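Please look at the sequence and the model first; the notes follow by topic.

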Amino acid sequence: KVSFLEGIDYTHALSTGRRNLLVEEGLSLTRMMVVAIEKTVGLLHRVVDIIIMRRIYLHHVRLPLKLPHFLIWQHPSVIDILLTRGGIEANPGPPGVSRWGHVAIQYNNLLYLWGGKLEVEDVATRKRLISVVNVFVVLKKTWMTKSTTGPCPVASERCAFTTYGASLYIYGGYDYCSQEHDNSLHRLDLHTLSWNKMPSSAESDPGKKSAAGLVCEMDMLVLFGGFGFPPKIQDPTAMYDENKKYFLDGRGWTNDLYVYKFTNGIWQFQPSQGTPPPSNGFSFVSYGDKYIFKYGGTEPRQKCVTRMNLLDLSSWVWIEVRKDPVPRGRSFHSSCKCMLGGNTSLLVTGGECSNSQTFSDMWIFNFGTDSWAQVELPHECKIQRRHHSAICFSLPTSQIQVLVFGGHVKDKAPLLGMKLLELEVSNECKWIAKEVEVHIECTTSEGTT
């Protein structure tokens, strides 16, 4: 229901359901927009939200309102909102609250979204939110909330993650409630949505860290770098650079390389040659059947780099790749591997540079030609954000669509909305993007996808 009411004072909460109420302290709101969304599962009222705002974007319909600045009491909602100095914008998105540093993967043309730094203060609410995954059905343009079972990870921010078949693997991460890093390895079955904590030895694990790189290749997990604590048993060939500017407990960057064998459930550090410097917040994807490609990241002294490396898994030798032109050095960008123009490619969006500037550009690295190409972005397609996610989908029509979600910009509230872009090649053989307007529906569904 969407109702526009005038001349009625709604400063007092109504008695039914659970509500999101944004009210001005001491002001009688006699003219406002009420957006009530009610979901019923059986006899249970799942959500009833009331949102009062200056501006609201609901399914791309703009309804302007002029209200003074207000105080906010926020509870999880099926509408995501962006609070800025100019007011609030609500964009179609998944059920839940704003987030950044989350996990986003694509499986069978479905986007699975989990965790991240959630904008909630209540610990119980946060635990409930990380016990579910949000699933976006690309062809239907529908978000679904799915419950999970089993012991889910506690640290939900900046986890290292990868997929193999119908399994999502997550290592480490940062728990912003306890302000601690984690060193556990979890697996989520994408069919049953059940979590399992993978067996590992506490004496041989890679240590508590976040923003590392994780890839599954040749029946093993490969973990590189990250930021956190050194492991109990350190690799004598690795470098550990402590960040004394912000931490005094030994936390810092590392460039250690570990493998996890599924056959024995043990982490082992892997000696390598030509190892890149310690870093975190980089791209880390498999290429072919024996290579891993690493791009960007933050190195010690807060330096964002353009460095590109290939790791040969047959010899464990790192090869530095030098190509021109190269995107500006960045970290905490989003990247995803996809097929573009018949070649395996890496799509990179956004991120931050050494002076904390947030990028709004998009680049494609073509593994077939070993070259970068910048995507032409009209103003409405620019994506200025970091700690976000960008996932590519190949549609039956051979079109390529990119779904961008979450993230934030420095000194601003998290970007809660999503953008859906479509990539195509122009007559000049350049990649260009255009925004796709969609009508997003949010549903609550039980069971598996």
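**Cysteines**

Cys152 counts as partly exposed because its relative accessibility is 21%; buried means under 20% relative accessible area, exposed over 50%, and partly exposed in between (1.4 Å probe, protein chains only). This is a predicted model, in which local features need pLDDT of at least 70 and side-chain atom pairs count only at pLDDT 80 or more, while totals for chains, interfaces and linings use all residues. Residues are numbered from 1 along each chain as its sequence is written, and side-chain values use heavy atoms, with hydrogens and water left out.

- Cys216 is buried, with a relative accessible area of 6%.
- Zero disulfides are found in a search of the whole structure, a disulfide being a pair of cysteine sulfur atoms within 2.5 Å.

**Strand S38 and its partners**

- Strand S38 (residues 343-349) has five of its seven residues buried, so the rest of the structure largely encloses it; strands (E, at least two residues) are DSSP runs, numbered from the N terminus.
- Seven bridges pair S38 with strand S37 (residues 334-340) in the antiparallel sense; two strands pair if DSSP finds at least two bridges between them.
- Lys337 stands opposite Leu346 in S38.
- The hairpin of S37 and S38 has two residues between the strands, and Gly341 takes a positive phi near 65° there.
- S38 also runs antiparallel to strand S39 (residues 362-366), joined by five bridges, with Ser345 opposite Asn366 in S39.

**The four-stranded sheet**

- An open sheet with antiparallel pairing is formed by four strands in the order S41-S42-S43-S44.
- Its edge strands, S41 (389-394) and S44 (431-435), each pair on one side only.
- Strand S42 (residues 400-405) and strand S43 (residues 418-425) pair over six bridges, and Gln401 has Glu422 in S43 as its bridge partner.
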